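Student: I am new to this structure. Please show me how to read it, one feature at a time.
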Amino acid sequence: MPWKNGGGVTHEIAVSPPDASLEDFVWRLSMAEVAADGPFSSFAGIDRTLALMSGAGIELEFADGHTARVDPLQAPCSFDGAVGCFGRLIDRPILDLNIMTRRDRMTHRLTVLELAPGQDTLLSAPAAIIGHTGHVHVTAAAGSFVLGARDVLLDDTSASGPSAPVTCRASGTGTSLALVLHLQPVK
């Protein structure tokens, strides 16, 4: 679908509630193709986090004067969706992962998980696991899954209450990276 400001394309992965629009979602997970420098869409009352999925990265210039860089070496970047933001590509087009939560209803945390082969990592109630590099073997209540780059495993019950923990490990001989999303309702 087109970006809210028409400047690019986003691929919606999940939104809550399921039929929510850009004006009334509680949380939203998507991947965006960024092909050129330009302004970000404004989302009042929304907290956002970006992580780089492919490409060299993007430099963010915010209207409040601070800057941030989203590149392969940086942790995900969190910011207020209402603050004006201009993105400058570092080298070429990128694909980013974007999580947005309505501040008065939900909080989120997006972390990078480095996984070694044969070594299990236990995760407590993740809302989503996103394959980043390599292959990630995930064991959850619903079964076992192998995630490749950009594959997403969602637990759509985690935002409404406790869900079962999951176990992750690299599948194969090398290290793998995954992004782990946690959602928490505001009390």
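Tutor: Start with contacts. Contact means heavy atoms within 4.5 Å. The model is predicted. In the chain, take the contacts with a separation of 6 or more: residues 24 or more positions apart account for 71% of them.

Student: What does the secondary structure of the chain come to?
Tutor: The chain has 0 helices and 17 strands.

Student: How do strands of a sheet pair?
Tutor: They pair through backbone hydrogen bonds, either parallel or antiparallel.

Student: How many bridges join β5 to β8?
Tutor: There are 5 bridges between β5 (residues 58–62) and β8 (residues 85–89), and the two strands run antiparallel. Look at E61: opposite it, in β8, stands F86.

Student: How does the radius of gyration of the chain stand against that of a compact globule?
Tutor: A compact globule with 187 residues would have a radius near 16 Å; the chain has 16 Å, so the two agree. The C-alpha trace spans about 45 × 40 × 25 Å along its principal axes.

Student: How much of the chain is buried?
Tutor: Of the 187 residues, 44% count as buried. The chain exposes about 9,100 Å², and carbon and sulfur atoms supply 53% of that area.

Student: Is H182 buried or exposed?
Tutor: Buried means under 20% relative accessible area. H182 has 15% relative accessibility, so it counts as buried. H182 sits in strand β17 (residues 176–185).

Student: What does the side chain of H182 reach?
Tutor: It reaches the backbone oxygen of S124, at 2.9 Å. Leaving out residues up to four places away in sequence, H182 touches T107, H108, R109, S124, A125, P126 and A127.

Student: What should I look for in the backbone angles?
Tutor: Most residues other than glycine have a negative phi, and most peptide bonds are trans. Now look at A125. A125 is not a glycine, yet its phi is positive, about 50°. A125 lies in the loop between β11 (121–123) and β12 (128–133). A125 counts as partly exposed because its relative accessibility is 22%.

Student: What is the phi of R150?
Tutor: R150 has a positive phi of about 75°, although R150 is not a glycine. Find R150 in the loop between β14 (143–147) and β15 (152–154). At 43% relative accessibility, R150 counts as partly exposed.

Student: Which residues does a cis peptide bond join?
Tutor: The cis bond joins S16 and P17, with omega about -5°. P17 is in the loop between β1 (9–16) and β2 (27–34).

Technical notes. Residues are numbered from 1 along each chain as its sequence is written. This is a predicted model: local features need pLDDT of at least 70, side-chain atom pairs count only at pLDDT 80 or more; totals for chains, interfaces and linings use all residues. Side-chain values use heavy atoms; hydrogens and water are left out. Two strands pair if DSSP finds at least two bridges between them. Helices (H or I, at least four residues) and strands (E, at least two) are DSSP runs, numbered from the N terminus. Buried means under 20% relative accessible area, exposed over 50%, partly exposed in between (1.4 Å probe, protein chains only). A polar contact is a pair of N or O atoms within 3.5 Å; within protein, one must be able to donate a hydrogen and the other to accept it, and residues adjacent in sequence count only if both atoms are side-chain atoms. The radius of gyration is taken over C-alpha atoms; the globule rule is 2.2 Å times the number of residues to the power 0.38. Accessible areas come from the Shrake-Rupley method with a 1.4 Å probe; for residues, only the protein chains shown count as cover.
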